[in-house]
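Subject: Structure for your files

Dear colleague,

Please find the structure below.

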Amino acid sequence: MSDDYQIEIPPSFLSLHVDAGRQKPNATREVIAARYELCEDLANLLTETAKNMFFSLGITERDVLERCHRGLIGEGAVVNDAEAQWVIRRLAELLEW
């Protein structure tokens with residue numbers, strides 16, 4: 001990764017890649033940045049889906065987030081459990097829920 005391209009990785013995401021009792025991440029900055037970009041993109045892409053579920057199904061915000069989470073960890077998942085939880089927290093933040 002070029003020094004010209006420096007993505008700001010939030011501490012909440014960076015902490016997903018630090019093993020318990022350690023201070024340094026368990027992956028390179030490039031790997032963590034790529035995972036962060038994927039998760040941030042997922043959260044942004046899910047905003048419209050979540051809004052549509054909320055309005056069309058008449059379910060609670062919590063139910064929408066739970067359904068989105070189940071989709072993220074289902075068969076063929078591209079994120080691990082910790083990343084899926086982060087995506088859902090970020091989705092809730094983006095939706096101001």
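In which loop is His 17 found? His 17 sits in the loop between H1 and H2. Helices here are DSSP runs of H or I of at least four residues, strands are runs of E of at least two, and both are numbered from the N terminus.

Before the rest, the basis. This is a predicted model, in which local features need pLDDT of at least 70 and side-chain atom pairs count only at pLDDT 80 or more, while totals for chains, interfaces and linings use all residues. Residues are numbered from 1 along each chain as its sequence is written, and side-chain values use heavy atoms, with hydrogens and water left out.

Overall

The chain has four helices and zero strands, and its elements run α-α-α-α from the N terminus on. Its C-alpha atoms fill a box of roughly 45 × 30 × 25 Å, taken along the principal axes. Of the 97 residues, 30% count as buried; buried means under 20% relative accessible area, exposed over 50%, and partly exposed in between, with a 1.4 Å probe and protein chains only. Among contacts in the chain with a separation of 6 or more, 58% come from residues 24 or more positions apart. Contact means heavy atoms within 4.5 Å.

His 17 and Arg 35

His 17 counts as buried because its relative accessibility is 9%. Not counting residues up to four places away in sequence, His 17 touches Lys 24, Pro 25, Asn 26, Ile 32, Arg 35 and Glu 83.

Arg 35, one of those partners, is in helix H2. Its relative accessibility is 24%, so Arg 35 counts as partly exposed. With residues up to four places away again left out, Arg 35 touches Phe 13, His 17, Val 78, Val 79, Asn 80 and Glu 83. The C-alpha atoms of Arg 35 and Val 78 are separated by 9.8 Å, although the two residues are 43 apart along the chain.

Helix H2

H2 covers residues 29–57, which makes 29 residues, and reaches 40 Å from its first C-alpha to its last, close to the 42 Å expected at 1.5 Å a residue. The expected span is 1.5 Å times one less than the number of residues. H2 has a kink of about 35°, centred on Thr 47; the bend at a residue is the angle between axes fitted to the seven residues ending there and the seven starting there. Thr 47 is also among the buried residues of H2, which include Ile 32, Tyr 36, Glu 40, Leu 46 and Met 53. The cover over these buried residues includes helix H1 (11–14), H3 and H4. Just after H2, Gly 58 takes a positive phi of about 65°.

H3 against H4

How do H3 and H4 cross, and at what angle? The axes of H3 (residues 61–73) and H4 (residues 81–95) come within 9 Å and cross at roughly 150°. Axes are lines fitted to C-alpha atoms, for helices over the stretch in contact, and angles run from 0 to 180 degrees between N-to-C directions. The crossing is right-handed, that is, the near helix is turned clockwise from the far one by less than a right angle. On the H3 side the contact includes Leu 65, Cys 68, His 69 and Leu 72, and on the H4 side Ala 84, Ile 88 and Leu 91 are among the residues involved. The contact residues divide into nine nonpolar, two polar and one charged. Nonpolar covers Ala, Val, Leu, Ile, Met, Phe, Trp, Tyr, Cys and Pro, charged covers Asp, Glu, Lys and Arg, and the others, Gly among them, are polar.

Ile 88 of H4 is buried because its relative accessible area is 11%. Leaving aside neighbours within four places, Ile 88 is in contact with Leu 65, Cys 68, His 69 and Leu 72.

H4 has 15 residues and reaches 21 Å, close to the 21 Å expected. Its buried residues include Glu 83, Trp 86, Val 87 and Leu 95, and what covers them includes H1, H2 and H3. Glu 93, also in H4, counts as exposed because its relative accessibility is 51%. In the segment after H4 lies Glu 96, whose phi is near 55°, a positive value in a residue other than glycine. Most residues other than glycine have a negative phi. At 73% relative accessibility, Glu 96 counts as exposed.

Regards
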